[in-house]
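I opened my notebook for another look at a fold, with a few residues to check.

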Amino acid sequence: MVMIRYSLKQLWRMKRTCILFVLFLTFAVLLLTLGSSMYGLVSENMERMEALFVTIGTAEQVPVSVAREKVWDAEIEGYRFRTVRNYGDLVSLSDITLPQADYLSGPERRPYYVSYDPSYRLANEQTGFGSNVILEAEPYEDGIPAGPLRMRQKKVLYSYYPIGNQLEFYFCDHQNPEPERLEAGKTYVMYLADCPPHGWRMGADGPYEWIPAGVLGTDQTDSAGNPLHTDLPELYYEEVTEGFYETERGKRWLELARALDWVYHSVPVTPVSDLNLILPFYRGDAWLIEGKAFEEADYEEERKVCLISRYFAQNNGLKVGDDLKLSLVLASYRGTTSSDVSHLYGADYSFLNAEGKAYEPFEEDDYEVIGIYDWSPGSSRESDYALGRNEVLIPAGAITGDPEDNIAAYGPMRAANTSFCIPNGSMKDYQELWEEHGVDGVELRFYDRGYTELQESLTGLRRISITLLAAGIVTVLLVLVFFCHLFITRQCRRTAIERSMGMGAKSCIISLLTGLLLLCAAGCILGSMAGYRLTEETVGRMETGGHYSTRYSKGAIAVEGNEPEEIAVDAPVNGAVAAVSGIGVLTGAVLLSFFMIYGNLKKEPLALLGGKEE
């Protein structure tokens, strides 16, 4: 106790030096605490953001040329023009797959399959459909259908809505600049769609027309997109003669009539390997309102499970846990599900195969409904990226049948159905690999919902924290070495006198160390507290900065009611870091002090008294 008082008394004689020592050490520990705390916070945030965010890319083949195509319009008795894109040779998925790239999922080019079942209801009772029909009719008199030609219905081969047998209608071969003459007394089989009257845009009050809805043709291809040979004629209507439906031509019309029911009772089925690759889910335009999303086991074990839209679930009385029968009749690689029959506007494929027959199912199975999704009212329903109103999503590997003989349409890859997932922050590296790969005619787009900017911000903060940490360490070392030199090494004569008076080594250590440790403890405590408070202030400023939503993140496909978490570039300040910093500096001061005191104690007292003070 006497030696402690003696040590404090000696420090009082050097009070200015002591004050400077505490101030300098406080500042040094503050730097060390701030740097280490910020480094820990930034590292934690970077790990957190890496786990939350996901980066996807899309690929789309761009046209090599654009031309104007003229289309006859009987209403204006002239041609309208539309833009036609020429894509040249189609790019395959293997062409855009980079062997060196680190894909987390994909790349994949998703077709959509068409599942047909007469029990499917695609709309509620208040929603109307387009009226595509196949029927037999004859004109009341000879005429050329360059405008409305009055005709009488004879026999209906297919109509979704009931049509009376005595229906009278007007037919116009609307897009044919040189329509053939129709003769009274002859019967014609026709594939028709209803259309407003000529001049309706100007308020004309003419009769509603029926115009050709499509041709008796096919777009079937092989798996590489090569059209299959066919002898199907490109006909909109054809004369019916005795025994017509027993001929090959007549049977094709019956097959078309059978297949037309798909428009009203089929849904698009999209195979997926990662819901994040479906842009509406990635953007947050679509989300689950019931059930759960696909899990990793669903993909790996190729389970027969599915997600369905709220629209389809309501119209068909389906709920989570129910079974949905999927009868897949064809595959389309041309369009997207937003323009499919489930959107009620018509299909982007022909209904007949190259042999002139309706496609037969290549797979039939029951799928368990594990989730029901909905989409934002503000999302565009006309976009290529939009989900179909009645779209069904299934794990890609769940399909065991082979659709190769049922590819009804093929076209260039589109961003809406060709995508991949890569590690966050690797867009630049991927683009460099892409340039080396040398694929022409394909446009890449990347989406990371701000991760790149966030990463740059956090990387900058980490550099600053490393700088502060390094400055803190260097400053702590300099302060401790300098002041330990003042308080210990330069006090060697004092040590020699104390030893000459009979004090032992232990008493000398207590004499030199007690006051110094009190000063170190004061500086470490003050510095740690100041560093902790400054870190809190810095984090507070970060909280008022940019915020990011988990709506666009991994695993963000949540049940309705779980609002997306707004996340900021922050994390709770860990007081343990400040405490460890202070304790570490204090421990270092003790070790350094013992080392210097040991140097003093090794020297003989007479030698110290006889020499000059350092």
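Is H265 buried or exposed? I found H265 buried, with a relative accessible area of 13%; buried means under 20%, exposed over 50%, and partly exposed in between, with a 1.4 Å probe and protein chains only.

A note to myself on the ground rules: this is a predicted model, where local features need pLDDT of at least 70 and side-chain atom pairs count only at pLDDT 80 or more, while totals for chains, interfaces and linings use all residues. Residues are numbered from 1 along each chain as its sequence is written, and side-chain values use heavy atoms, with hydrogens and water left out.

**Entry: H265.** I placed H265 in helix α5, residues 262-265 (helices are DSSP runs of H or I, at least four residues, and strands are runs of E, at least two, numbered from the N terminus). Its side chain makes a polar contact with the side chain of D261 at 3.1 Å; such a contact is a pair of N or O atoms within 3.5 Å, where within protein one must be able to donate a hydrogen and the other to accept it, and residues adjacent in sequence count only if both atoms are side-chain atoms. Beyond four places in sequence, I listed S115, Y116, D117, P118, Y120, L122 and Y160 as contacts of H265 (heavy atoms within 4.5 Å).

**Entry: A398.** I found A398 in the loop between β17 (392-395) and β18 (407-410). A398 is buried, with a relative accessible area of 1%. Setting aside residues up to four places away, A398 touches E302, R303, K304, E363 and Y367.

**Entry: the core.** I then looked up the largest nonpolar core, which has 29 residues; I134, W253 and F351 touch the most other members. Such a core is a set of buried Ala, Val, Leu, Ile, Met, Phe, Trp, Tyr and Cys residues joined through side-chain atoms within 4.5 Å. Helix α4 gives the most to this core, with 4 residues. I134 has contacts with W253, L256, A257 and L260, among others. Apart from this core lies another, of 26 residues, including L122 and C306.

**Entry: the whole chain.** I counted 14 helices and 22 strands in the protein chain. Of its 614 residues, 50% count as buried. Of the contacts with a separation of 6 or more, 80% come from residues 24 or more positions apart.
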